[in-house]
Each structure stands twice: as structure tokens, then as C-alpha cells.
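Have a look at the model below, and then let's work through a few questions together.

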Amino acid sequence: MSRRTVPLREVASARTGDKGDIACISVWVYDPRDYADVKASLTAERVAAAYPDLWRGKVTRYEVPGLHGLNFVLRDALEGGVNASLNLDLHGKSFSFLLLALEVEVERP
Amino acid sequence: MVRIGAGAGFAGDRIDPAVDLAKRGKLDFLAFECVAERTLAYGHLARMADPGKGYHALIDRRLGAVLADCVKNGTTIVTNMGVANPRAAGRAVVELARRMGLKIRIAVVEGDDLTDTITPDTRLPEIGKTVREHGLRVAGANAYLGIDAILPALDQEPHVVITGRVADPSLFLAPLVHRFGWNVDDWPILGRGTAVGHLLECTTQVTGGYFADPPYKVVPDIAYLGFPYAEVDPDGTAVITKLEGTGGAVRELTVKEQLLYEVHDPSAYLTPDVTADFSTASIAEAGKDRVRISGVGGRERPATLKAIVGFDGGFLAEAEFSYAGAGAASRAELASAIVRERMVHIHRCNDRIRVDLIGVSALHATAGISSHADTRDVRLRAAMRTPDRLAAETLLAEVESLWLSGPAGGGGYRGTITPSVTTQAIYVERSAIELHVEVMQS
């Protein structure tokens, strides 16, 4: 076994939802054996620091170990929300792919 | 067991999969969710312009497509298509049923409309201002009602229940409580029923929509996604599934992704009915396109109700123009600079203008991400919000003038001005709500 750095998209899926100016992105590992590694790599602090000009507020991470999921709640993340944003993607539907582009370190044979 | 399906997950959802469910689903209930956060405000504006309007614009087409089958098969329809005018929606369905030769009962739920209670002194906690200080014209206000508003309507044994603003999962939870006789303070079981509603309310998002990402996530027959339904047991555990022969897939992962969709704290999903706890859920495949969900918990419901105040939000102006071939990105950047320069220096426009270069950097532009490839097909998109219609028209005119006055080889102008509404959440006492059920017959 060795440690390898891969884009999150290779080991997990993600889905974005929105409420006002808050984006929430859930992350689900394909293989439960990667859950601990992804959890260790993908901290709330790291997500908050990843795209500071877009995701400008506090990031809270919730863990759902029974389902091998993580849920990130990003405040002040939608350019003011659907009321104010000038982004074509008012709801931030595409933001899951910003998260999936981040690299994580996982164990591989 | 109760069989309950989802017939629409937003105002623009597909109609044919709902028809399939109505014909072949052997459903007890079919719920249509057609109201988004800002839909009510648009509905109020429509009602102000015409007192007979303000309900779901596609109600005739959407219900007309399923009504005869639902009546024939004993499937009760529950829907929030009343939007800002449930009573007018009820009358529209009476007329529709008469035209179709159907004798039906329609129960209309009212009480969510709080527009008359909003004053200039109403506080808007999200921005810490009063309505007066906010300075925008109020379009309307509605509370998110829960099952206690829908249950008295179901007691009338109608063919169709029509509401205005209710919490989306409540459209599904109310029929389950009605049929199983669950206690409305049995929080864990209300939590389980709420999870069923939450999983169904966005239709295809649990059957393979908003999911495909080849080669990692592949969805079979994706152009023909089936709408979901649930087989719910009296203890609230449920199997989420779809009709045989429809496209898409119901898998452990489609259900997991949808379970936390638009959820913040998974252990505290707040609705008017319950504080549902999804964090303890078990999700397991139980056959092809069958996923069982159990183990959801629940605690006491929130004391107050959330309500949304809608405001007239001026205009969103958007204009587009394209450059292609060698140097396309450079020419589009030059065009962008021209538009900005003229809006500020000729037209003295102070509103914020955003210019995206689609093909180089657009949706993720603010994240600092752009394509570094030699992009040869670039679409300039300028956007601005303004209370001033003339300013909106000026942005469109400036982008359109790139035809003659912009860089070489530009074409493909399109421009739109969209009236915009904005929203603010407030919280109201449950005692402020006066529920009313009106029964109509065709």
C-alpha cells in the first residue's frame, strides 16, 4: 500500500444545494475504505481556503459516518444568493465540481 | 402500505413521467411540488395585475394530463400549484374537470398568505432592517405551512388538494399521516415520513437526474428518467423506486446525494412539522432500482414558522455577443473593456456590471478559474441588476452596438431584461396563522 494524491472526483461524488446565500455540498466516497482519508484531507479549513474570492464566509463540515458522507455548508458563498448574484449559475449548481477538483491523499495498492 | 409518487419537482418539470406514474403506478397519492423560493413573489405580482391569476401557469396542462387516470385509479393529487392564489387555482381545476367530464371534489387550503400583516415596521432579521429601511416595494408574504394545514383538507376525502406555500416535504408527509393515523407529535415517525417527502420532492434527482458524471457515474436511458415513488410501511420505513421500463436508476448513491440536498445540519432538518434527523439513516439497495431507507429520527418541531417576504427587485439585464476563430478570446476581452468603459463614462452607470467570457471563464470566474487552452469560440455575457429599466436597456444597447463598433468578426447578439424579485425570511408565531379549507365540486 502507498499514499497517492488524486483529485477528489476520482474517489467521491458531490452534489450542491442552495438556500439564500448559503451553498451546501455533500461529498460521498465511492469506497468506504477511503472515508477516513478523505475526511482527513478535506477539512472545513481547507475548503474555506480553496476559493476565497468566491466562498467568502464560514465553512462548517458535518460528518455522516453511517453513510460515509460529509456535508459542507458554505456561508456567503453565492455572490449574494439568487437575489443579488450576477453569476449565470445563480444557484451555484456547478460548485460541486470546484470541490471535486481539490486533491486528496488516499491509500492505494 | 402506502404508495406515494412525485408528479413535479419544480414549476418547469416534465409532464410525461407524471402521466406514466398516474397510469401505471397504482398510487394512493401523487404530489406535485411547483413552488420555488421566489415563485410566490412572482405569483403575487401576477395576482396584482389580474385578481384571477397568481397560481401555477401550467395547471391546466399539468393536471389535465393526469386527472382522468388519477380519478380512475383512486389516486389523490396533492399540490402547491395554488401559489399566490389557491382559490383561483381551485376554480381553474373545477373548470378543467368539467371540460373533461369529471365529477370531482377539490379541497383548497388557505392561510399561508401574510401579505396584509407586513407593515413598514416589520423587521427583516436577515439584514437587520425594517421593511421601510429596506426601501423596496413588498410584493407579498407567505408562511411555510405544514401538515396541520393539509390534514383537514385530506379529511374531506377530495380528489385534489390545492395549497399555496407549504413546506415541500409536508406535501408528502400529510398523506402518510392521514392514511396511517400517525400522531402529529410522534416526532421520530414524522422524521421518517419527512425523509420520504424530501427524497421524492425533486422527482428525478433521486432517479438519476443531477447525477451523471461519465465515466464515474453513468445513468442508463437518461433521456427517459422515471419519476420516483415510495412504498411506505406503517412504521415509516420506505422503499424508493420507479416504474419498470423507465430510464434512470435508483441506487444507494442517488438516494444518499438527495438525502442531504439543500440540507445544512443532517441531524436537524427543520420543517414546520418536525426537526428531522437524517444522520442516523440507513440506506441499502433492496433489488433493482429499489432502495430502502430506515433509521431516520426526529425531535420536536420548531416553535415558529418561517415565512418569505417577496420584494419587487427591479430588473436583471443580460446581453451576449460572440467571437470565434483565431484571437477570439483577445477580441472578446477588448469588447468587454469597451462595454465597461462606455457604461461608466458615457452613461454614468453606477450599477455593478459583470462580464463573463463563456468558453474562457464564466460560472467559476469568481473562483479564479479560467481555461488556458487556445479557446477559439468565446461568448461575451454582460449582466447587471438595476431598479432602472432605462439603465437595463442601455446595457443591452451597448452590447448590441458591438455589431458595428466592436472588434472584428463579432456576431450573435441576444439580450433579455427580466423583472426580478428578491426575498427575505422572517419568522412568525403559529398563532398568527388562520387556516381555512374550502371544498369545491366540479
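Q: What percentage of the 109 residues in chain A is buried?
A: This is a predicted model, so the values are computed from it. A residue is called buried here if 20 or more other C-beta atoms lie within 10 Å of its own. Among the 109 residues of chain A, the buried share is 47%.

Q: Which element gives the largest share of the side of chain A that touches chain B?
A: In all, 28 residues of chain A are in contact with 35 residues of chain B. On the chain A side, β2 (12-19), β3 (22-29), β4 (59-64) and β5 (69-74) each supply at least two residues. The largest share, 5 residues, comes from β2(A).

Q: Which helix supplies the largest share of the side of domain 1 of chain B that touches domain 2 of chain B?
A: The C-alpha centres of these two domains of chain B lie 38 Å apart. Across the contact, 7 residues of domain 1 of chain B meet 4 residues of domain 2 of chain B. On the domain 1 side, 4 residues come from one helix of chain B, α2 (residues 39-49).

Note on methods
Residues numbered from 1 in each chain as written. Chains lettered and ligands numbered in written order. Predicted model: local features only at pLDDT ≥ 70, side-chain atom pairs only at ≥ 80, totals over all residues. Domains from an automatic or database assignment. Contact = placed C-beta atoms within 7 Å. Buried ≥ 20, exposed ≤ 12 C-beta atoms within 10 Å, placed from the backbone.
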